[in-house]
Amino acid sequence: MATATEKLSALQPAVAGLKEISENEKSGFINLVSRYLSGEAQHVEWSKIQTPTDEVVVPYDTLAPTPEDASEVKNLLDKLVVLKLNGGLGTTMGCTGPKSVIEVRDGLTFLDLIVIQIENLNSKYGSNVPLVLMNSFNTHEDTQKIIEKYQNSKIEIHTFNQSQYPRLVAEDFLPLPSKGRTDKDGWYPPGHGDVFPALYNSGKLDALLSQGKEYLFVANSDNLGAIVDLQILHHLIQNKNEYCMEVTPKTLADVKGGTLISYEGRVQLLEIAQVPDEHVSEFKSIEKFKIFNTNNLWVNLNAAKRLVEADALKMEIIPNPKEVDGIKVLQLETAAGAAIRFFDKAIGINVPRSRFLPVKATSDLLLVQSDLYTLENGFVIRNKARTNPENPSIELGPEFKKVSNFMGRFKSIPSIVELDSLKVAGDVWFGAGVVLKGKVSIVAKPDVKLEIPDSAVIADKEINGPEDL
């Protein structure tokens, strides 16, 4: 078995010979691999973990109100850049191209809604908040074509690509592309922790600083709750915080999400992968670790520049094993949230759940397309008629996994304002104007086509065939 030094010695010339990527990408990749091979400690000492105080994780309702003077708000907004992570494909939902172009509601895509929101802010306050999209090599070309439709919008849109790194063959630790796999399968984008060096290397970070921009609001493009929040921006500027992570109270659905801890005098993200096996159940406990990371992040641009130039952002490495045509490969990734411990005056803000509304599957799409939400000026607003603060749990079978199949099986999205939970599986088709209440399970028997009639009201019921309707 080759030693770490031998692996690195063989890897360096192989990476140097890759013509498809830049020198910055080559050195960034070698740096990541050498850190991984050196076996930097990933685990934390459990006894040193402390629950953060309200100074470290600030309750949202203690933030000062937004200034009422419109010119003051304009001054705040003119310091802001919105960056959306746009590297993901819609493949898990059966779509080709970037995930951000999936239609969410009323014929509008994630990207349409983001543009409308920022346009409305710029129009209302006369500000110039630009939108920056971090693409990956998977989404770059499609995104460039898609954003042409916004060229007459009241918004500047910039794009840059995150790094392109070669997948490592697990057997000999050499890059897959150097073995002839130079198509897309030979490469990977190294996680959103790459946002800081990639923004810097693209020249965009310096360009934004030269325009007087100070803060970057980073969020996933599929989180419909991640809208610009003036109170948070105001707080960070007033208190000169270099980094802020939005966290929100955990529910049972979020037990695997990373949480913020105080550790050796710094605020730090604790991910489940770093937790010793004997403490995993404790980590998942809602009583002990009450909050989780929404991946809505606010970052001071000058601080990001300082840390990238000092090569100080050494986030925990996430090894991600994959298989390409039967060849076992390894991807080394990092997460942007893990950067929190390198910034000065870093804080968390415990925000309302409404700021975390991700669409990861068609079950989430059902929620946001239903009467549980309305659309106003690009914002997805929750229906006040729902008294339960939590959303219903929705489980859809494989027949609904692809967006096209999901859309085809509903004549219209059912009313779910009074729904607690829904399970649907099998060959089920919904008519128009269906109302679902309480706990509903609709599981068609094998080889049975189950059609829910128009205007049916189903409350606290289990349905397996037409006879149960």
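The exercises below work through cavities, pockets, rings, cysteines and selected residues of one predicted model.

Residues are numbered from 1 along each chain as its sequence is written. Local features need pLDDT of at least 70 and side-chain atom pairs count only at pLDDT 80 or more, while totals for chains, interfaces and linings use all residues; side-chain values use heavy atoms, with hydrogens and water left out.

**Exercise 1. Find how many cavities of 30 Å³ or more there are, and describe the lining of the largest cavity.**

Step 1. Rolling a probe the size of a water molecule over the atoms shows where empty space is left. On a 1 Å grid over the protein atoms alone, a cavity is a set of points where a 1.4 Å probe fits but cannot get out; a pocket is an open set with protein on both sides within 12 Å along at least five of seven lines; lining residues have an atom within 4 Å of a point. Points are joined across faces, edges and corners, and a volume is the space filled by probe spheres set on them.

Step 2. The count is one cavity of 30 Å³ or more. The largest cavity has a volume of about 60 Å³.

Step 3. Its lining includes Lys-84, Phe-110, Gln-117, Asn-220 and Ile-227. Helix α4 (residues 110-125) gives the largest share, four residues. Helices (H or I, at least four residues) and strands (E, at least two) are DSSP runs, numbered from the N terminus.

Step 4. By class, the lining has six nonpolar, four polar and one charged residue. Here Ala, Val, Leu, Ile, Met, Phe, Trp, Tyr, Cys and Pro count as nonpolar, Asp, Glu, Lys and Arg as charged, and the others, Gly among them, as polar.

**Exercise 2. Describe the second largest pocket by volume, and say which element supplies the largest share of its lining.**

Step 1. The second largest pocket holds about 540 Å³ of space. Of its 23 lining residues, Gly-28, Asn-31, Tyr-165, Pro-197 and Asp-311 are the closest to the centre.

Step 2. At least two lining residues come from each of α2 (23-37), α6 (195-201) and α10 (301-309). The largest share, seven residues, belongs to α2.

Step 3. The lining divides into 10 nonpolar, eight polar and five charged residues.

**Exercise 3. Count the aromatic pairs and classify the pair of Tyr-165 and Tyr-188.**

Step 1. Rings of Phe, Tyr and Trp (its six-membered ring) pair if their centres lie within 6.5 Å; planes under 30 degrees apart are stacked, over 60 edge-to-face and the rest tilted. The count is 12 aromatic pairs.

Step 2. The ring centres of Tyr-165 and Tyr-188 are 6.2 Å apart and the planes stand at 80°, so the pair is edge-to-face.

Step 3. Tyr-165 belongs to strand β8 (residues 165-166) and Tyr-188 to strand β10 (residues 187-188), so the pair ties together parts 23 residues apart in sequence. Both tyrosines are buried; buried means under 20% relative accessible area, exposed over 50%, partly exposed in between (1.4 Å probe, protein chains only).

Step 4. One aromatic cluster is formed by Phe-400, Phe-406, Phe-410 and Phe-430.

**Exercise 4. Count the disulfides and decide whether Cys-95 is buried or exposed.**

Step 1. A disulfide is a pair of cysteine sulfur atoms within 2.5 Å. The count is zero disulfides.

Step 2. Cys-95 counts as buried because its relative accessibility is 18%. Cys-244, at 0%, is buried as well.

**Exercise 5. Examine the backbone and setting of Asp-106 and Asp-325.**

Step 1. Most residues other than glycine have a negative phi. Asp-106, not a glycine, has a positive phi of about 50°, and Asp-325 also has a positive phi of about 50°.

Step 2. Asp-106 sits in the loop between β4 (103-105) and β5 (108-109), and Asp-325 in the loop between β16 (318-324) and β17 (327-333).

Step 3. Asp-106 is exposed because its relative accessibility is 61%; for Asp-325, also exposed, the value is 64%.

**Exercise 6. Determine the surroundings of Gln-268 and Lys-179.**

Step 1. Gln-268 lies in strand β14 (residues 266-270) and, at 8% relative accessibility, counts as buried.

Step 2. Contact means heavy atoms within 4.5 Å. Beyond neighbours within four places in sequence, the contacts of Gln-268 include Val-44, Tyr-263, Glu-316 and Arg-341.

Step 3. Lys-179 is in the loop between β9 (168-169) and β10 and is partly exposed at 44%. Not counting residues up to four places away in sequence, Lys-179 touches Val-169, Asp-172 and Leu-174.
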